[in-house]
Amino acid sequence: MSLRIVVCVKYVPDATGDRQFTEDLTVNRDDVDGLLSELDEYAVEQALQISENSDDDVEITVLTVGPEDAKDALRKALSMGADKAIHVEDDDLHGTDVMGTSLVLAKAIEKAGYDLVITGMASTDGTMGVLPAILAERLGVPQATLLSEVKVEDGTVTGRRDGDSASEQLQASLPALVSVTDQSGEARYPSFKGIMAAKKKPVESWDLEDLEIEADEVGLEGSWTAVDSAAQRPARTAGTIVKDEGEGGKQLAEFLAGQKFI
Amino acid sequence: MAEVLVYVDHVDGAVRKPTLELLTLARRIGEPVAVALGAGADATAAVLAEHGAVKVLTADAPEFAEYLVVPKVDALQAAYDAVSPAAVLVPSSAEGKEIAARLAVRIGSGIITDAVDLEAGDEGPVATQSAFAASFTTKSRVSKGTPVITVKPNSAPVEAAPAAGAVEALAVTFGALATGTKVTGRTPRESTGRPELTEAAIVVSGGRGVNGAENFGIIEELADSLGAAVGASRAAVDAGWYPHTNQVGQTGKSVSPQLYIASGISGAIQHRAGMQTSKTIVAINKDAEAPIFDLVDYGVVGDLFAVVPQLTAEIKARKG
Ligand SMILES: Cc1cc2nc3c(=O)[nH]c(=O)nc-3n(C[C@H](O)[C@H](O)[C@H](O)COP(=O)(O)OP(=O)(O)OC[C@H]3O[C@@H](n4cnc5c(N)ncnc54)[C@H](O)[C@@H]3O)c2cc1C
Ligand SMILES: Cc1cc2nc3c(=O)[nH]c(=O)nc-3n(C[C@H](O)[C@H](O)[C@H](O)COP(=O)(O)OP(=O)(O)OC[C@H]3O[C@@H](n4cnc5c(N)ncnc54)[C@H](O)[C@@H]3O)c2cc1C
């Protein structure tokens, strides 16, 4: 038996950098270093663990939709241990929203062929957390999302979803889509051997034409949403800071009382 | 006036506060029609009517509890087809966002998630969002299809606005995908008796500085003296000192209370992403250079094991 896993990974600006918007109100990717979204490392990790625990012949493909530099994210995933990569890149994709991105990802996943799709819980830039559900809808496969524990056995995926009001055990038949949280287990660091091996692994590049998507279905023009403005939040006005000389708690209580919290 | 669908988040008929906030926002753009699903759905009508729902569409079926997300999408789509609304508003819970997103695909609409405000506009409702760990505020619209918008808790006041709230049964047929993901077990969370983290007016959080599960008692005592919810940083959660459901930040809960008190938390960007929009921020940290102090209205540089118990005692004394 073989098991084809496609892991969706996003290339994002470093969250610890000074992230800004450009004039057309898209993410400024020039002034902040980009990297593989940390939360997608957990998706790659779970794919690797499923592979390691499986008797099947598992092939892991990592897939990204993003600009030229997004190859860095693919390289990182390959050096962690994924087998091959697909980069969907096209100038017409600039400014694509979640509906457009999911359309492109769904077409690419179908073209690649899959039994299981694994995504992160949310990106660290857009942070919407809805792309996995949208992908499942578009692909027409079961969605087992926000899993903190995941297992694949005999064509079935099972896992634990820790929700607001309950912790749920889920079960679905393959083909299926899974998203994993940062509670699913630490992601491994690429080894030196892994980094060297990654250089020889295949990275395919596809554009919109390869996926039979028209330019006006995606990009800023084809967007289902429009951003009218983006304003830097005014810095919070500097507060009062006191050093505790034995009365710090009482001083704080006085402040809270003044603000009518007590 | 145009009708606006509002998806109701409730537990066995008890409507959660963010849904009432949605009704306030829905009334700015039209007449709210509520959709309540699952056990106790009919019991939601009275409180929804009090807050402006002109109609309450209800449905119950075992599928809602036995399978993940999709049966609820089928039902919301049935409501959409029945009402042809001007917009669909859904609370920004993990499940709410997934339901909204799948509906948007089906009806060919764009989606905006995690709005913190909503106003009527010439080209449809305008949503305010916080971006990049709340360092930016954006205004956006859905430009294709019927706007589907998810809204964060504490984004609007709860307002009384009595309306008819007539209950109507919603006819739902489940599609082939509805039974795709089976819920084979469910362990409900134990109630702590404290307010819900995302809905609380005051949140008291502890971080790595709390230094042990056994020490979280002093954070809880402060929280209880103020009637607050308890939060924790990821460092405290990863160390196993406090449950993940209480984590505040990018991969935990996003909170926006009137007052946020951080003790022994440095203020990393991923933590700030979940609390930076709080109205008043207070921190206790022994390191005067900790980045959390950049955010505070009031900060105490000191040992939390001295400051927090003194604060709790003073609050109790003042409250008598
Ligand atoms: C601040 C901000 C706010 C935004 N708000 C909206 C909005 O309200 N509505 C809207 O339609 N668009 C919005 N966008 C655009 C949207 O973020 C992108 O279109 C994005 O590609 C998909 O959303 P996400 O990153 O939030 O995905 P999420 O749903 O958070 O991502 C979940 C998972 O999907 C996978 N994934 C996401 N993007 C890619 C990719 N490009 N390649 C491969 N895998 C991927 C990853 O596995 C990821 O972990 C916003 C963008 C920004 C920066
Ligand atoms: C993808 C990703 C997602 C993340 N998501 C989250 C998230 O959702 N939430 C989150 O919180 N973090 C998140 N993090 C982690 C984040 O980067 C920080 O590591 C974390 O917030 C640090 O927690 P902390 O402030 O408690 O610990 P530290 O940074 O170690 O700070 C502890 C603070 O306590 C102070 N202190 C120590 N002892 C005392 C004392 N006796 N009295 C007073 N002060 C004392 C110290 O001076 C210090 O400032 C995420 C990281 C990544 C990469």
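Ligand 2 has 27 residues around it, and R208(B), S233(B), S266(B), Q270(B) and N285(B) come nearest. Here a residue counts as near if one of its heavy atoms lies within 4 Å of the molecule. Residues from chains A and B surround ligand 2, so the site is shared between chains.

This is a predicted model, where local features need pLDDT of at least 70, side-chain atom pairs count only at pLDDT 80 or more, and totals for chains, interfaces and linings use all residues. Residues are numbered from 1 along each chain as its sequence is written, chains are lettered from A and ligands numbered from 1 in the order in which they are written, and side-chain values use heavy atoms, with hydrogens and water left out.

**Ligand 2**

- A side-chain N or O atom of S266(B) lies 2.6 Å from an oxygen atom of ligand 2. This is a polar contact (a pair of N or O atoms within 3.5 Å).
- H271(B) places a polar side-chain atom 2.8 Å from a ligand 2 oxygen.
- Q250(B) uses a backbone N or O atom, 3.0 Å from an oxygen of ligand 2.
- Alone, ligand 2 exposes 1000 Å², and the protein buries 83% of that. Accessible areas come from the Shrake-Rupley method with a 1.4 Å probe.
- The elements giving two or more residues to this shell are α1 (38-52) of chain A and α7 (234-238), α8 (269-272) and α9 (304-319) of chain B. Helices (H or I, at least four residues) and strands (E, at least two) are DSSP runs, numbered from the N terminus.
- The shell has seven nonpolar, 14 polar and six charged residues. Ala, Val, Leu, Ile, Met, Phe, Trp, Tyr, Cys and Pro count as nonpolar, Asp, Glu, Lys and Arg as charged, and the others, Gly among them, as polar.

**Ligand 1**

- Ligand 1 has 31 residues around it, and C8(A), K10(A), D40(A), S123(A) and I111(B) come nearest.
- Residues from chains A and B surround ligand 1, so this site is shared between chains.
- A polar backbone atom of C8(A) lies 2.7 Å from an oxygen atom of ligand 1.
- Two side chains also reach ligand 1 oxygen atoms: D40(A) has a polar atom at 2.5 Å, and Q129(B) has one at 3.0 Å.
- The protein covers 91% of the 920 Å² of accessible area that ligand 1 has on its own.
- Among the elements giving two or more residues to the shell are β4 (57-65) of chain A and β7 (111-119) of chain B.
- The shell divides into 15 nonpolar, twelve polar and four charged residues.

How values were computed: Polar contact = N/O pair within 3.5 Å; in protein donor to acceptor, adjacent residues only side chain to side chain.
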